[in-house]
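Please look over the sequence and the structure before reading on.

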Amino acid sequence: MAIWTIEVLNDSGGVKSYAVLAAPPEVTQGGRPVPVQSTAWIPFDYVEPGDRGTATFSEAVYALFTWPVTLAPKVVVPRGFTEAVNPVARDLITIEEMGRGSMSTVPTPGAAPPDSFSIFTEADFPADGPVVLGMSKLGNNQSPTPVAAFTAQPHVTFDIKPGARFHVVEGRYARGKVIDIAHTPNAVIDFTGKEKAVATVTQGADGAFTVVYG
């Protein structure tokens, strides 16, 4: 399993805060793309000039199921329920039941597309209700944190293909807060094809980011 490290170096001359995000996975339903929101994952708050925040993590991912939440920028996605999944093993998670404070899932290996995991929403819930699916990851905290989320529908299968790209943005963000990456200046880290790598992201005095791999 790939192990990656992201370092964020503050060379701006002032105290700064940052957040690491995972690039949205490819999500499809019946072959059609599904809109996905990225959420703040690893925060580095109040980094002094010349200091850095560092996080080391693996490519491991978790299926996310949570409610109630209506996805929009600045909304915080609850941690909800998570289930470890293996895209290499092509795991499919079937959500059989959901209720207040509980969820029942059944894993099936080999039932998802290549390099993907799938979520089948067998459970009944309102089609227009605030139920969200997605993906979580372990970062620099002890439990999986939401990194991507999309609106769920009952009685369908969603295929989720994780990637190896990440973003660093400036600012203070709670874990799970939806961030509009398309309209937020950010650094892009791409670990594709790298089994073990370190990416150092430096913010200079002009506010721009540079990325160096080691």
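Predicted model: local features only at pLDDT ≥ 70, side-chain atom pairs only at ≥ 80, totals over all residues.

Lysine 16 has valine 47, a residue of β6, opposite it.

Strand β2 covers residues 16-22 and is joined to β6 by four bridges. The two strands run antiparallel.

## The antiparallel sheet

β2 and β6 belong to an open sheet of four strands, in the order β6-β2-β16-β18. Pairing in this sheet is antiparallel.

Which strands stand at the edges? They are β6 (42-47) and β18 (186-190). Each has a single partner strand, so one side of each lacks a neighbour in the sheet. From one strand to the next, the twist averages 20°.

## The mixed sheet

Another open sheet of four strands has the order β7-β1-β19-β20. Here the pairing is mixed.

The edge strands of this sheet are β7 (52-58) and β20 (209-213), and each of them pairs on one side only. On average, neighbouring strands are turned by 15° against each other, with direction ignored.

## The pairing of β1 with β19

How many bridges join strand β1 to strand β19? There are eight, between residues 3-10 of β1 and residues 196-203 of β19. These two strands run parallel.

Note on methods: Residues numbered from 1 in each chain as written. Heavy atoms only, no water. Pairing = 2+ DSSP bridges. Axes fitted to C-alpha atoms, helices over the stretch in contact; angles between N-to-C directions.
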